[in-house]
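This report looks at a protein chain together with its ligand, beginning with the overall fold and ending with the backbone. Please keep the sequence and the structure in view while reading.

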Amino acid sequence: MPRLTLEAQPGEFVFDSERTALVLIDMQRDFLEPGGFGESLGNDVGKLTKVVPPLKRLLETARAVGLTVIHTREGHRPDLSDAPPAKIERGMPAQRIGDPGPMGRILVRGETGQDFIEALYPLPGEPVIDKPGKGAFYATDFGAILKHRGIDTLIVTGVTTEVCVHTTVREANDRGYRCLVPGDCCGSYFDEFHEVGLRMIAAQGGIFGWVCRSAPLVAALDALRVQAA
Ligand code: C5J
């Protein structure tokens with residue numbers, strides 16, 4: 001069994017790569033590029049771009065060692081029938097969900113802005129989870145896909161740390177999954193929320209999971225590839 005051991009917070013993280021999925025949360029143009037949902041809420045989307053290089057490295061390594069890779073994408077049906085009014089009305093955005101923007105209708109499935117950024121685009125065969133909420137489990141078949149693949153451990157990455165990454169880690173933790181969060185592969189529009197969000201995961205002996213940097217994780221996965229060669 002390809003077991004790996006990694007130094008993490010709050011302590012050693014041991015996992016079986018055949019039962020582990022790398023999950024990329026919402027690496028979409030709507031959150032990372034100007035003119036999308038993130039910017040419509042008043043955020044500086046440039047704050048998320050530093051996530052891309054380390055996450056790309058981790059993604060390429062995960063693919064090279066045959067890890068299950070799953071991508072999530074927040075968005076709504078074109079008729080917005082799955083978008084609660086309470087979500088659409090929230091805040092005072094310049095453009096609301098469903099409004100036309102430079103990348104198409106804001107956070108609507110099938111629009112350019114709702115799609116993934118080019119650098120981290122899914123490969124054919126990698127499951128894409130279209131989710132209407134913040135968590136990857138809510139109103140999706142994410143749980144069924146994990147179960148059918150025998151996955152018990154998730155490496156959770158993406159944006160934003162304290163919203164969709166955190167919600168997914170909490171949902172996964174309650175369902176019995178062991179979650180590892182490489183902090184530099186997650187990003188937030190708010191530095192403080194990012195830092196505290198990561199600390200919250202690992203606090204109290206790992207109340208929601210484990211936190212690490214991506215470099216040792218990439219090295220551990222890479223060692224597996226070298227061993228197998
Ligand atoms: C937000 C997300 N922040 N992907 N979504 O609304 O974190």
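## Overall architecture

How many helices and how many strands are there in the chain? The model, which is a predicted one, has eight helices and 11 strands in the chain. The radius of gyration of the chain is 17 Å, close to the 17 Å that the globule rule gives for 229 residues, so the chain is as compact as a globular protein of that length. Along its principal axes, the C-alpha trace of the chain spans about 50 × 35 × 30 Å.

## The ligand and its surroundings

The ligand takes up the space of the largest pocket, where it is surrounded by Asp26, Phe31, Phe37, Glu74, Lys134, Val159, Thr160, Val163 and Cys164. Sorted by class, this shell has five nonpolar, one polar and three charged residues.

A polar side-chain atom of Asp26 lies 2.7 Å from a nitrogen atom of the ligand, and a polar side-chain atom of Glu74 lies 3.0 Å from a nitrogen atom of the ligand. For Cys164, by contrast, it is a backbone N or O atom that lies 3.2 Å from an oxygen atom of the ligand. Taken alone, the ligand exposes 230 Å², of which the protein buries 92%.

## Backbone features

Most residues other than glycine have a negative phi, and most peptide bonds are trans.

Asp26 is found in the loop between strand S3 (20–25) and helix H1 (29–32).

Thr160 is found in the loop between strand S8 (153–159) and helix H6 (161–174). A further cis peptide bond runs from Gln9 to Pro10, with omega near 10°; Pro10 has its place in the loop between strand S1 (3–6) and strand S2 (13–16).

Terms used:
Residues are numbered from 1 along each chain as its sequence is written. This is a predicted model: local features need pLDDT of at least 70, side-chain atom pairs count only at pLDDT 80 or more; totals for chains, interfaces and linings use all residues. Side-chain values use heavy atoms; hydrogens and water are left out. A residue is near a molecule or strand if one of its heavy atoms lies within 4 Å of it. A polar contact is a pair of N or O atoms within 3.5 Å; within protein, one must be able to donate a hydrogen and the other to accept it, and residues adjacent in sequence count only if both atoms are side-chain atoms. Accessible areas come from the Shrake-Rupley method with a 1.4 Å probe; for residues, only the protein chains shown count as cover. On a 1 Å grid over the protein atoms alone, a cavity is a set of points where a 1.4 Å probe fits but cannot get out, and a pocket is an open set with protein on both sides within 12 Å along at least five of seven lines; lining residues have an atom within 4 Å of a point. A molecule sits in a cavity or pocket if more than half of its atoms lie within 2 Å of its grid points. Ala, Val, Leu, Ile, Met, Phe, Trp, Tyr, Cys and Pro count as nonpolar, Asp, Glu, Lys and Arg as charged, and the others, Gly among them, as polar. Helices (H or I, at least four residues) and strands (E, at least two) are DSSP runs, numbered from the N terminus. The radius of gyration is taken over C-alpha atoms; the globule rule is 2.2 Å times the number of residues to the power 0.38.
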